[in-house]
Amino acid sequence: MKRPTILVLGAGYGGLSTVVNLQKSLGTDEADVVLINKNEYHYESTWLHEAAAGTLSPEQVRYDIKSVINEQKVKFIQAEVQAIDVNEKVVTTNVGTHTYDYLVVSLGFEGETFGIPGLDKYALAMANVKAARQIREHIEYQFATWSLEEEKDDSRLTIVVGGAGFSGIELLGELGNRVPELCKEFDVPAEKVRVLCVEAAPMVLPGFDPDLVKYAVSRLEAKGIEFSIGTPVVEATEEGVNIKKGDDEFEFIKAGTVVWAAGVRGNRLIESSGIENMRARVKVDKDLRAPGFSDVFVVGDCALMINEEVNRPFPPTAQIAMQQGEMCAKNIIALLQGRATATFVPDLKGSVCSLGEDDAIGLVFGKKLTGSKASFMKKMVDNRSLFMIGGLGLTIKKGKFNFL
Ligand code: FAD
Ligand code: NAD
């Protein structure tokens, strides 16, 4: 009898967690597990702000997928998914088509630009490790060019970060540490550099604990970061961004670098897949299946689940993506063995937001943390995710142990 095929799309936190848990529990003859990912490597999306600022090398942020899979049990195919058709049960990639008995869609996030003119063309985004490397090199190019120019254009040294959510704040924390290094490296006087965060909402890290937010803002301001709050970006051009400061009041900020970190959506391939979705996110059933499709699971940032306590979606995080991967693997195995699937309930341990490698804020098991304690916790969280996927070997190779 033909073995069932489990096709997993995307080797981010959700996809890898699914595959690693499948390979732990399935025998070689129980199913054919096929993992498709665009690159031969996985990158830690949660470290992209470090690669973008240049405080961590792109190499440190990624690792070979084959180093964490058991090739006796999982077939890895490096390919770019181009289309998903859940009605025909076909996935098309740049190297061929695949069919499946069970499909796991874990293709991750894309930056959300809300249709704001010019952002797609002129702003950079921490969308993946290549895009993060481009941000780092773009900033270095601006510093190098300023240094060389006869008639100096100081706006080259202005970096605008759009959005003061967790991604924007973590990037600002790294830039706070990186800019002094760049000034030294490129002979740029520190007072010429401007790093400005523009946030639409009336506060930084909207919805997060006010004391921790206050701490974060004061620490970032001490590193020279400026904030413009309650002033949405309404347009980006080749020269910079236009921000709305009042009913009819706008300010144009000339900037050599604009990084857009103001929200995410699911992977747009979902929109033409035949699965009902909102901004490419699928409101999954309790067992993580796509509504109406008993053979399709969606995990990670492409999935949407409502937190009934607050009647709002759970935020798309790596923490939840990894837990969903684990549950998805359990549920597929249950179906293969003719058992009932289980309900996914996120086990939220808290949130930690780094402010550079030496500082952070966090709310962990309801306890507020700041400074070195929070920073230690952030590194432990980062190491834990490596451990869960690749065990001790991967943790030692890629982990963060600079606790001083
Ligand atoms: P991803 O991790 O995005 O993985 C998707 C995978 O699919 C990638 O390997 C990608 O290459 C692949 N892929 C995409 N398109 C295709 C295609 N067409 N064909 C083939 N392969 C494809 N969350 C936390 O919990 N804690 C944090 O500290 C944290 N920090 C963050 C910091 C930053 C700067 C950012 C941007 C996000 C952070 N997040 C954090 C959120 C977290 O990164 C995401 O929630 C998480 O990455 C989602 O996991 P995923 O598996 O859904 O997708
Ligand atoms: P987000 O949606 O959490 O924050 C985006 C911010 O951009 C918001 O504050 C929003 O008000 C602002 N914004 C929206 N439109 C704007 C505009 N036109 N002009 C200026 N500001 C605008 O998005 P994110 O920060 O990219 O985070 C995405 C997900 O990843 C979240 O779920 C987050 O929790 C998670 N994440 C977690 C961590 C962590 O745990 N350390 C780090 C990064 C990201």
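Which residue in S27 is the bridge partner of Leu 363? Here are some friendly notes on that point and on the two ligand sites.

1. A word on the model. Please keep in mind while reading that this is a predicted model.

2. The bridge partner. Leu 363 is partnered by Lys 368, which sits in S27. This pair belongs with the strands S26 (residues 360-364) and S27, which run antiparallel and are joined by 4 bridges.

3. The sheet around that pair. S25, S26 and S27 follow one another in that order in an open sheet of 3 strands, with antiparallel pairing. Strand S25 (350-354) and strand S27 (367-370) are the edges, each pairing on one side only. From one strand to the next, the twist averages 5°.

4. Neighbours of ligand 1. This ligand has 31 residues around it, and the nearest are Gly 14, Asn 37, Val 81, Asp 301 and Ala 318. Sorted by class, the shell holds 15 polar, 11 nonpolar and 5 charged residues.

5. Backbone contacts of ligand 1. A polar backbone atom of Gly 14 is 2.8 Å from an oxygen atom of the ligand. For Tyr 13, a backbone N or O atom lies 3.1 Å from a ligand 1 oxygen, and for Pro 316 the distance from a polar backbone atom to an oxygen of ligand 1 is 3.3 Å. On its own, ligand 1 has 1000 Å² of accessible area, and the protein covers 90% of this.

6. Where the ligand 1 shell comes from. Helix H1 (13-25), helix H6 (166-186) and helix H8 (318-336) each contribute at least two residues. H8 gives the most, with 3 residues. Domain 1 (5-38 + 79-111 + 264-348) and domain 2 (113-262 + 349-404) each provide at least three residues of this shell.

7. Neighbours of ligand 2. Here 22 residues surround the ligand, with Ser 167, Glu 170, Glu 199, Val 233 and Val 352 the closest. Their classes divide into 15 nonpolar, 4 polar and 3 charged. H6 and strand S13 (194-199) each supply at least two residues of the shell, and H6 gives the most, with 3 residues.

8. Backbone contacts of ligand 2. An oxygen atom of this ligand is 2.9 Å from a polar backbone atom of Ser 167. Pro 316 has a polar backbone atom 3.0 Å from an oxygen of ligand 2, and a backbone N or O atom of Phe 166 lies 3.2 Å from a ligand 2 oxygen. The protein covers 75% of the 850 Å² of accessible area that ligand 2 has on its own.

9. Placement of ligand 2. Why does ligand 2 lie between domain 1 and domain 2? Both domains give residues to its shell, so ligand 2 lies between them.

Note on methods:
Residues numbered from 1 in each chain as written. Chains lettered and ligands numbered in written order. Predicted model: local features only at pLDDT ≥ 70, side-chain atom pairs only at ≥ 80, totals over all residues. Heavy atoms only, no water. Near = heavy atom within 4 Å. Polar contact = N/O pair within 3.5 Å; in protein donor to acceptor, adjacent residues only side chain to side chain. Areas by Shrake-Rupley, 256 points an atom, 1.4 Å probe, with all protein chains shown as cover. Nonpolar A, V, L, I, M, F, W, Y, C, P; charged D, E, K, R; others polar. Domains from an automatic or database assignment. Pairing = 2+ DSSP bridges. Axes fitted to C-alpha atoms, helices over the stretch in contact; angles between N-to-C directions.
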